[in-house]
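Have the model open as you read.

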Amino acid sequence: MPSLTRRRDRNAPHAETWLIYFGDVRVGVIGRRAGVPNSAPQWGWSCGFYPGTAPGEHRNGIAETFDAARTGFEAAWQELAATRSEADYEAWRRQRDWTAWIDRMHDLALPLPAQRPEGMRVASAAR
């Protein structure tokens, strides 16, 4: 079974944000909260992934330190992971791959199949 790993969020180079992965599936985030007073807890965490986890099953919290946020996240992850199946992780992977394909088509300025004049074609059965 894969272990949890964390990676710095490259899309937020000026924020202290860590993306949490279970194998290749992003299952949450731990980061320094923005816009809160210095007297408020400075760290926040969120645990859950979509698709694969229903919105009501996601968990989040705040903490005074990174270590406390990590502890809160890990406790929430243990509860959530016990209820996940491989199909849940696979749903997230399919969505990730689909989104990457769409983004690549847009980057290359290529029309999506439904945007072509001939429209989408369904492969016919072998005759």
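β4 and β5 pair in the antiparallel sense over five bridges; two strands count as paired if DSSP finds at least two bridges between them. In that pair, Trp43 stands opposite Ala63 in β5. This is a predicted model, where local features need pLDDT of at least 70, side-chain atom pairs count only at pLDDT 80 or more, and totals for chains, interfaces and linings use all residues. Residues are numbered from 1 along each chain as its sequence is written, and side-chain values use heavy atoms, with hydrogens and water left out.

Five strands make up an open antiparallel sheet, ordered β1-β2-β3-β4-β5. β1 and β5 are at the edges with a single partner strand each, so one side of each has no neighbour in the sheet. From one strand to the next, the twist averages 20°.

α1 lies across β1, β2, β3, β4 and β5, at about 15° to β4 (axes are lines fitted to C-alpha atoms, for helices over the stretch in contact; angles run from 0 to 180 degrees between N-to-C directions).

The largest nonpolar core has 20 residues, and Val27, Ile30, Phe73 and Trp77 touch the most other members. Such a core joins buried Ala, Val, Leu, Ile, Met, Phe, Trp, Tyr and Cys residues through side-chain atoms within 4.5 Å, buried being under 20% relative accessible area (1.4 Å probe, protein chains only). Each element below supplies at least two core residues; helices (H or I, at least four residues) and strands (E, at least two) are DSSP runs, numbered from the N terminus.

| Element | Residues |
|---|---|
| β2 | 17-22 |
| β3 | 25-32 |
| β4 | 43-47 |
| α1 | 66-81 |
| α2 | 86-107 |

The largest share, seven residues, comes from α1.

Methods
Buried means under 20% relative accessible area, exposed over 50%, partly exposed in between (1.4 Å probe, protein chains only). Contact means heavy atoms within 4.5 Å.
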